[in-house]
Amino acid sequence: MKLSRYLIPTLREPPSDADNASAALMQRAGMIRKLASGIYEWLPLGLRALKKVERIVREEMDAIGGQEVWLPVIQPRELWEETGRWKIYGKELLRLKDRKDGEFCFAPTAEEVITDLVRREVRSWRQLPLMLYQFGLKFRDEIRPRFGVMRAREFLMKDAYSFHADDADCQSYYEQVYGAYSKIFERCGLKFKPVEADSGAIGGSYSHEFMVLAETGEETIVACTKCAYGANIERAECPPSKDSDGRVSPLPLEEIHTPGTFSVEDVAKLLKASPKSFLKTQLYLADGRPVMALLRGDHELNEAKLARACKTGLLERANDAMYEKITGCGVGYAGPVKLPMWRSPDGKTLPVGIYADMSLEGAANAVSGANKTDYHLKNINIGRDFQPESFADLRRALPSDPCPRCGGPVRFTKGIEVGHTFKLGTKYSIPLKAHYLDNEQQSKPMVMGCYGIGVSRVVAAAVEQGHDEAGIIWPSSIAPFAACIVAVEHDSARVREAAETLYRELWDAGVETLLDDRAERPGVRFKDMDLIGIPFRFVVSEKTLAQGEVEFKRRASKDLERWKLAEAAGRLRTANR
């Protein structure tokens, strides 16, 4: 491709709203343009990189028996109501009506649609296992789109779904996909780490995220320095560490006047006590039922863990009005002792659910709110003064926590989620009645797996991981072009002819090449090639031709080399394998 005929509208400065490296560089390099908040146009250069990633993903999905389909992006409400997700998915789900007032949504994912397809077409155990995948646009109405195409509202995704006769077969195939994902990101030239993850709105019992390691990433990864354990911060397990060894004598409850003092830090100063001796309370609604989370005063709640402990699909933080209605006191003064009963919508009087972090098991003589404005209680003892509904791992991991597998030290790093695998089980097949007949003609629900890759996000993640002050540094496997040629004296017929010959030889050798034939100063063209990030650059000039050579430079290196012009195409073809 000749640059004089190619649409690459580079920018000297990034747009003012570019809030990370990939958003700035992809727009400066003429790869994307912003149409609206979280919605981007992909220009020819960006689309080439996107298609390179798509090709790698397709090859690895086909290699493990995947069959490609193309599913609608507009999905009917009725399917989402069958699984109960029409309300659960929340405001990220873009809902719309047609001219007949039929209700639909723009696909954020495709579990309902693919399961509906399979329940209509698959009848027998002989048709299983089956894996179908697609590349398709998705739309999630992010409350605050940011980071360019990394967290856009509209994005390109590969989503795959597998259907199995039993859990063992699903687990076996899950491991195949896990291996295929590792190959995909290796082939894309990325440094990545698979980590245990929370299933979120997709659901299921078992999942992993594939994280591209980058300091600019918005996800936190907890990784052991001694063993292979890794998890995102939402899933990272916290080994239990009890506050008490059981030898502390319980003291009588004591009500303390704490006017205008409600935070753990402020009450601890007032009482001259350690935050570790506090029962920190947070109130939520779990599918409409009030629940109280209890943590040690110096710990922070992990909402994903609380949702798992409550076995809820919808967890909402109680607002101030609900807090006061549930506890009968001002915000900051709630506690687990003599917590008021609440009246359910059907008129029943029930207790508030209390879930305590494992670190509180056996806690003695603790401090918490008294369910009375301006008052706290001292010397609270679990078992004597109240009993939690359950103890569970509820807190966020800390860098000081040991590895939950081997006890070794952990390291917190940043990453960008580019892939997610889920073992769904029968979460969708049971409500959607996706059944099959086994070899004894008994009807059974299919066991499912779900596997996603954010194709457009992979491109952005590669830029986040590979760039310098001059521009993008692409992995050669997904670079828009493998090589570029800059003809320095563009008015010299000899230089133009040599550049054109090398250009044809490189294409004939299978090296996708961009020829910068513009009538621009060499410095401008060199800067553009560095900004675009083409992995290999050739410079043809009167000086190099005098020696029968061409100047060669790798984008990731500062070193310049001289190659024989006649050998350049073949030599690069070998080096680029």
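Student: Which residues do ring pairs link into a cluster?

Tutor: The structure is a predicted model, and in this model ring pairs connect Y178, Y181, F185, F192 and F210 into one cluster.

Student: How many aromatic pairs does a search of the whole structure find?

Tutor: The search finds 17 aromatic pairs. To read one of them, consider F262 and Y333: their ring centres are 6.2 Å apart and their planes meet at 70 degrees, so this pair is edge-to-face. An angle over 60 degrees is what places a pair in that class.

Student: Where do F262 and Y333 lie along the chain?

Tutor: F262 belongs to the loop between β13 (254-257) and α7 (264-271), while Y333 belongs to the loop between α9 (320-327) and β17 (342-343). The pair therefore ties together parts that are 71 residues apart in sequence.

Student: Is Y333 buried or exposed?

Tutor: The general idea is that a residue under 20% relative accessible area is buried. Y333 has 4% relative accessibility, so Y333 counts as buried. F262 has a relative accessible area of 47% and is therefore partly exposed.

Student: How many helices and strands does the protein chain have, and what share of the residues is buried?

Tutor: The protein chain has 14 helices and 33 strands. Of its 577 residues, 53% are buried. The C-alpha trace spans about 95 × 65 × 50 Å along the principal axes.

Student: How should I read a helix, and which residues of α12 are buried?

Tutor: The general idea concerns the turn: an α-helix has 3.6 residues a turn, so residues three or four places apart point the same way. In this structure, helix α12 covers residues 522-532, and its buried residues are V524, R525, D528, M529, D530, L531 and I532.

Student: What covers the buried residues of α12?

Tutor: The cover includes the helices α1 (21-28) and α2 (44-63). It also includes the strands β28 (471-472), β29 (483-487), β30 (513-516) and β31 (536-540). Just after α12, G533 takes a positive phi of about 90 degrees.

Student: Which residues is D528 in contact with, leaving aside its neighbours within four places in sequence?

Tutor: D528, which is found in helix α12, is in contact with T10, R12 and R518 once those neighbours are set aside. The side chain of D528 forms a polar contact of 3.0 Å with the side chain of R12. Another polar contact, also given as 3.0 Å, joins the side chains of D528 and R518. D528 counts as buried because its relative accessibility is 3%.

Student: How far apart are the C-alpha atoms of D528 and L279?

Tutor: A separation of 58 Å lies between these C-alpha atoms, and the two residues are 249 residues apart along the chain.

Student: Where is S429 found, and what does its side chain reach?

Tutor: S429 is found in the loop between β23 (410-425) and β24 (435-437). Its side chain reaches the backbone oxygen of M446 at 2.5 Å. S429 has 0% relative accessibility and so counts as buried. Leaving aside neighbours within four places in sequence, the contacts of S429 are T115, A434, H435, P445, M446 and M448.

Student: How many positive and negative side chains does the protein chain have?

Tutor: The protein chain has 83 positive and 82 negative side chains, and the centres of these two sets lie 1 Å apart. The accessible surface comes to about 26,400 Å², and 51% of that surface belongs to carbon and sulfur atoms.

Definitions and conventions: Residues are numbered from 1 along each chain as its sequence is written. This is a predicted model: local features need pLDDT of at least 70, side-chain atom pairs count only at pLDDT 80 or more; totals for chains, interfaces and linings use all residues. Side-chain values use heavy atoms; hydrogens and water are left out. Helices (H or I, at least four residues) and strands (E, at least two) are DSSP runs, numbered from the N terminus. Buried means under 20% relative accessible area, exposed over 50%, partly exposed in between (1.4 Å probe, protein chains only). A polar contact is a pair of N or O atoms within 3.5 Å; within protein, one must be able to donate a hydrogen and the other to accept it, and residues adjacent in sequence count only if both atoms are side-chain atoms. Contact means heavy atoms within 4.5 Å. Accessible areas come from the Shrake-Rupley method with a 1.4 Å probe; for residues, only the protein chains shown count as cover. Lys and Arg count as positive and Asp and Glu as negative; His and the chain ends are not counted. The place of a charge is taken as NZ of Lys, CZ of Arg, CG of Asp or CD of Glu. Rings of Phe, Tyr and Trp (its six-membered ring) pair if their centres lie within 6.5 Å; planes under 30 degrees apart count as stacked, over 60 as edge-to-face and the rest as tilted.
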